[in-house]
Amino acid sequence: MEKKRIILTGDRPTGRLHIGHYVGSLRRRIELQDAGDYSKMFVFIADAQALTDNIDNPEKVRQNVIEVALDYLACGLDPGRVTLFIQSQIPELCELSFYYMDLVTVSRLQRNPTVKTEIQMRNFETSIPVGFFTYPISQAADITAFKATTVPAGEDQEPMLEQAREIVRRFNYIYGETLVEPEILLPDNAACLRLPGTDGKAKMSKSLGNSIYLAETADEVQKKIMNMYTDPGHLRVQDPGKIEGNTVFTYLDAFSRPEHFGRYLPEYVDLEELKAHYRRGGLGDVKVKRFLNAIMQETLEPIRERRKEFSRDIPAIYEMLRKGCEVAQAAAADTLDEVKRAMKINYFDDKELIEEQAKRFGN
Ligand code: TRP
């Protein structure tokens, strides 16, 4: 197959990454990286976007840039194959956003469902920072600057991709084929689309204390799993239990693989058999939680170890990111040149224009 896909994705550095990020996107990125079926792959830390709703707390963003970089490396992203960079260091992205702003209406931004819910979540109502309101436009710049074809991300990013595609189509319609329409690559398993918190609530959040972080110790992970929300109606072992909305089973859907049964729970052939027993009754929560814990520890242990390893040389990580920024900036600058040429604002490289104007004025 011809190698021409360009893969790009990023995360806001507002906290350490958790297992929701892992099944929602990180795991997929490693698979993509390892499959090698692409011409370029970029993963970036969206610090400028994080500032759009944290402008009074830049220290939080600054601290989490390195946390996210460590999480990336710990998960197995390899700077030898993937360009890792920091959004704010690429000024071309601002320039692109500035022109894209003319291609989007205020009412279109107001209809963006992700922006809508985020505004509600943050109680912005009428005091929305303009930068926050327009971040879908800046995200379109992030994506198109690198001519990304494929954006591995969670379901919540779909409206951003839709908006980016509209900007691309409008730009290309007005100025001629210049930009590339990106496509989202969603997790293929429903449980991974939006992994609930350990308390069964829809979203993992720091303030709810219902997240499991990639960097968490084995003991903390085990404690959170043993306290997880299951089926409140499943009181005694012999009672029939519900799978739907049962967080332990949702996590098993997201994390378990057939070989885990052989290793940790050989009396069942697969997840279907385990679920059937739970539904019938006679299977206790503790046994299922212990199984989940074994799987989670197996998954997280190498990540934890690598994170520890990488954290021994922090200056080397900043240096790696600096080099990544250089590579990314060169790519973004090429696109910006093409954009300016298409928009006819490349006055000084356009000899024909200068000659034509000279002639018009009789010189
Ligand atoms: N909005 C994404 C998030 O909240 C981060 C992001 C910024 C991004 N620019 C992007 C993701 C471009 C994919 C592509 O995590």
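Residues were classed as nonpolar (Ala, Val, Leu, Ile, Met, Phe, Trp, Tyr, Cys and Pro), charged (Asp, Glu, Lys and Arg) or polar (the others, Gly among them). By this scheme, the shell around the ligand holds five nonpolar, five polar and three charged residues. The model is predicted: local features need pLDDT of at least 70, side-chain atom pairs count only at pLDDT 80 or more, and totals for chains, interfaces and linings use all residues. Residues are numbered from 1 along each chain as its sequence is written, and side-chain values use heavy atoms, with hydrogens and water left out.

The ligand is surrounded by 13 residues, a residue being near if one of its heavy atoms lies within 4 Å. Arg-12, Gln-49, Gln-139, Asp-142 and Gln-157 are the closest. Secondary-structure elements are DSSP runs numbered from the N terminus: helices (H or I) of at least four residues and strands (E) of at least two. β1 (6-11) and α8 (135-145) each contribute at least two shell residues. The largest share, four residues, comes from β1.

Polar contacts were taken as pairs of N or O atoms within 3.5 Å; within protein, one must be able to donate a hydrogen and the other to accept it, and residues adjacent in sequence count only if both atoms are side-chain atoms. The side chain of Asp-142 places an N or O atom 2.8 Å from a ligand nitrogen. For Gln-139, a polar side-chain atom lies 3.0 Å from a nitrogen atom of the ligand. The side chain of Gln-157 has an N or O atom 3.0 Å from a ligand nitrogen. On its own, the ligand has 370 Å² of accessible area, of which the protein covers 90% (Shrake-Rupley method, 1.4 Å probe; for residues, only the protein chains shown count as cover).

The ligand sits in the largest pocket, with more than half of its atoms within 2 Å of the grid points. This pocket holds about 1500 Å³ of space, a volume being the space filled by probe spheres set on points joined across faces, edges and corners. Its lining comprises 49 residues, with Arg-12, Thr-14, His-21, Asp-156 and Lys-203 closest to the centre. The largest share of that lining, five residues, comes from α1.

The second largest pocket contains about 280 Å³ of space. It is lined by 18 residues.

Technical notes: On a 1 Å grid over the protein atoms alone, a cavity is a set of points where a 1.4 Å probe fits but cannot get out, and a pocket is an open set with protein on both sides within 12 Å along at least five of seven lines; lining residues have an atom within 4 Å of a point.
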